[in-house]
Amino acid sequence: MDRETIIKLATDKARLDEERAKEPFFVETIAWLHYLGLLRHSTIPARRYHPHLRDVLKAGELEPRIFELLPAIMILIPEALRFKKRDIPHDLAEVIRNIQNKDEEAKPFRGITWQKYRHWLTAAVMDLARRRLDFRKTPRRRADAAGSFAEIIRDGRIKLSLTQKDFAKTYNVSLKALRDLEQGKTTASLSTVICILNAVGRTLRA
Amino acid sequence: MLAKIFGKLDQWVSSENKAAQAESFRPIPKSVFKVVGQAALLEANLEFGITATVDVDILNNAKHEVVAKLNELLLAEGLELDPLSNQIWMPEETIYTNLYKGEWADAFLAQTEYIMVSKAIKSPEKNKVLLRTYIAHRPPKLFFDLCEKYKVNLKSLIEG
């Protein structure tokens with residue numbers, strides 16, 4: 001098979017993969033694992049969701065690195081996902097059992113070797129993820145005009161695929177002011193607000 | 001971000017070596033780090049989305065204390081050093097580009113084509129979607145030449 005045929009074949013398959021990767025089950029899983037500090041993604045920004053285990057398993061078919069993390073998440077921070085006991089598939093339940101029984105060697109999980117997924121059980125980043133899960137420590141979003149204003153800024157920034165840090169750097173605004181605005185605090189200076197709104201393609205009118 | 005981390009590591013080794021010199025101890029030798037895997041792909045700013053776990057694959061010849069410090073610096077940025085890093089196979093002719101050049105630490109990034117070939121050979125199932133996307137973006141001739149050399153069956157990989 002020549003190179004052009006290979007590229008054509010890959011393009012057809014990749015188009016389907018790309019379409020699936022735009023679906024909420026994938027975007028929300030990646031954004032959530034990114035938020036927890038367990039995954040990084042070059043275009044999907046970190047965001048708080050609370051995906052169902054079913055969607056995480058589906059996303060894992062597109063991105064098997066999710067399967068690498070899943071056994072450790074189910075054991076160390078199960079509250080990171082929505083599920084009932086009956087939702088856990090047999091293979092995952094078996095892997096969890098093996099780990100909990102401290103079996104010396106367990107089966108691979110959906111193509112991921114035991115050594116590869118075991119590593120996450122003792123990884124320091126799991127502690128960081130647990131801390132990020134503590135919803136009481138996250139700022140309260142105000143359900144008023146300031147709240148919707150915060151949504152506009154946050155959504156605009158996410159559309160630009162920029163983290164808060166990158167946004168602040170790119171548009172030369174204070175990171176603290178940006179964070180405060182996205183949390184519904186209205187203490188930033190007017191010039192900063194105008195600058196941020198312009199960056200997300202909005203204007204301030206009286 | 002990785003270049004910044006290696007810069008900090010270089011400074012740390014430098015200060016450790018100054019202290020060692022004052023005490024007439026042997027200095028820590030210069031270390032070489034080669035970033036491979038998904039972390040190198042993320043640094044390469046490819047035109048399609050790349051997912052990576054927060055463990056970074058770095059081939060290195062560093063002493064234990066330098067690796068421990070690197071791990072500490074990575075963790076401060078929410079990353080970790082993959083403990084199995086040095087077991088990663090890369091083609092022998094892999095070209096590495098400069099990421100950081102310092103007095104006590106040099107860091108390099110593996111070129112994308114070689115990383116993709118390594119993935120196609122060592123874990124095709126885990127990387128099939130990534131490889132399909134990469135091939136769909138018309139990789140350079142080098143990639144196909146390497147696949148030919150290492151007998152990678154691209155057709156079955158794409159259709160798998």
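Predicted model: local features only at pLDDT ≥ 70, side-chain atom pairs only at ≥ 80, totals over all residues.
View 1. Strands of a sheet pair through backbone hydrogen bonds, in either the parallel or the antiparallel sense.

**View 2. Strands β1 and β3 of chain B form an antiparallel pair.** β1 covers residues 31-36 and β3 covers residues 55-60. The two strands of chain B are joined over 4 bridges. Within this pair, Val36(B) is found opposite Asp57(B) of β3(B).

**View 3. Helices α4 and α5 of chain B pack with their axes 10 Å apart.** The angle between α4(B) and α5(B), the latter spanning residues 128-136, is about 140 degrees. Because angles over 145 degrees would count as roughly antiparallel and those from 65 to 115 as roughly perpendicular, α4(B) is oblique to α5(B). The crossing of α4(B) past α5(B) is left-handed. On the α4(B) side, the contacts involve Met116(B), Lys119(B) and Ala120(B); these meet Leu130(B), Leu131(B) and Tyr134(B) of α5(B).

**View 4. Helix α6 of chain B (residues 141-149) has Phe143(B), Leu146(B) and Cys147(B) as its buried residues.** Viewed down the axis of α6(B), these buried residues fall within an arc of 100 degrees, so they line one face of the helix. An α-helix has 3.6 residues a turn, so residues three or four places apart point the same way. The packing partners of the buried residues of α6(B) are α4 (112-122) and α7 (154-159) of chain B. On the face of α6(B) turned away from the buried side are the exposed residues Lys141(B), Asp145(B), Glu148(B) and Lys149(B). Just after α6(B), Lys151(B) adopts a positive phi of about 55 degrees.

**View 5. Helix α3 of chain A (residues 53-62) has buried residues that include Leu53(A), Val56(A) and Leu57(A).** Ala59(A) and Gly60(A) are also buried in this helix. Down the axis of α3(A), the buried residues fall within an arc of 160 degrees, so they line one face of the helix. The buried residues of α3(A) pack against α2 (24-35) and α4 (65-76) of chain A.

Terms used
Residues numbered from 1 in each chain as written. Chains lettered and ligands numbered in written order. Buried ≥ 20, exposed ≤ 12 C-beta atoms within 10 Å, placed from the backbone. Arc of directions from axis to C-beta. Contact = placed C-beta atoms within 7 Å. Pairing = 2+ DSSP bridges. Axes fitted to C-alpha atoms, helices over the stretch in contact; angles between N-to-C directions. Parallel < 35°, antiparallel > 145°, perpendicular 65-115°, else oblique. Left-handed = near helix turned anticlockwise from the far one by under 90°.
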